[in-house]
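Here is a short note for a colleague who is new to this model. Please read it beside the structure.

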Protein chains: 2
Amino acid sequence: MRKLRTHELARKSVEQFKSSKKSPIVVVLDNIRSMNNVGSIFRTSDAFMVEKLYLCGFTGTPPHREITKTAIGAENSVEWEYVESTEEVVERLKKEGYHLVALEQTDASDNLNDCTLDFKPVAFILGNEIDGVSQTVIDKCDRCVEIPQLGTKHSFNVAVSYGMLLWDYAKTNKLF
Amino acid sequence: MRKLRTHELARKSVEQFKSSKKSPIVVVLDNIRSMNNVGSIFRTSDAFMVEKLYLCGFTGTPPHREITKTAIGAENSVEWEYVESTEEVVERLKKEGYHLVALEQTDASDNLNDCTLDFKPVAFILGNEIDGVSQTVIDKCDRCVEIPQLGTKHSFNVAVSYGMLLWDYAKTNKLF
């Protein structure tokens, strides 16, 4: 098995990305503190052809050195918009027909292991590293989904759990 | 939907983790440069009850402030061992009956979207952020798996792709 070189991977250029059909996914970042996480979410979003990222509250925005460090340029391919109020964004998306899914542990969350995420279009809402998605935002969502955990920690890193969520969605909806 | 508080999540203590049955998974880190990635891999491994992490080459080891920052204590629950030579570890694991799966883009990689990762026990090998898994290590593996990407970037962040890989494995093998 021979490792492939970069040029053999045949990825899209930024221009090709911009003009390509996107996946029926938008993502809302509700007060994400770490620029590393924001950048990492951009990078993962690029791979899944996410339609748009909404950066809300005190979530940092490009251009920013710390975002670029983990986005490695994906902040230039994936469309994004800064909106101060997360509530305003989710209300707008609901009106536009998006199914609103918060990644959060609540008393009524669906377990990602048991549920089928086949909603199109979907808006995934990701929350702060410590406090999660705001309760006022959850109150406007159609459902919450949680990724089960067997160990000692209370949560996954938000950028890692976003990867798992998108992978599950992509496989379910045959995005590849 | 009401957000759960930390004490409602009923996670294991470190002592309970240590004495609990583990998942049939070990993970080999082949020269991971970023302590943030190492810590994040510890945190994800905790959630999936990974048996053991092998930290190889110049991969950093606990105790280290930067690892703790992203592992948030999971470096105390998940068993780990430092071994300088990655090749030595994979040879040892092969003798012990592990199926060796490198996460790497090669000319003969299985696409995670099409293949069924039902090998037990399994050893996942993760590589350096720039150079990936060493060719000399790949030469000793049973297979390579790659996660498809539709965008402009050549790879996922290693800690994020590890999350996707484990989630896929957990769902396939009903670890939850």
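Predicted model: local features only at pLDDT ≥ 70, side-chain atom pairs only at ≥ 80, totals over all residues.

1. Residues are numbered from 1 along each chain as its sequence is written, while chains are lettered from A and ligands numbered from 1 in the order in which they are written.

2. Chain B superposes on chain A by a rotation of 180° with 0.0 Å of shift along the axis, RMSD 0.0 Å (least squares on C-alpha atoms of residues with pLDDT of at least 70 in both). The two copies are thus related as by a two-fold rotation axis.

3. Helix α6 (residues 158–172) of chain A and helix α7 (residues 158–172) of chain B cross at roughly 45°, and their axes come within 8 Å (lines fitted to C-alpha atoms over the stretch in contact, with angles from 0 to 180 degrees between N-to-C directions). Helices are DSSP runs of H or I, at least four residues, and strands are runs of E, at least two, numbered from the N terminus.

4. Which residues of α6(A) meet α7(B)? They are A159(A), V160(A), G163(A), M164(A), W167(A) and D168(A). Contact requires C-beta atoms, placed from the backbone, within 7 Å.

5. V133(A) sits in the loop between β6 (122–127) and α5 (135–138) of chain A. V133(A) is buried, with 25 other C-beta atoms within 10 Å (buried is 20 or more, exposed 12 or fewer, partly exposed in between, with C-beta atoms placed from the backbone).

Methods:
Contact = placed C-beta atoms within 7 Å.
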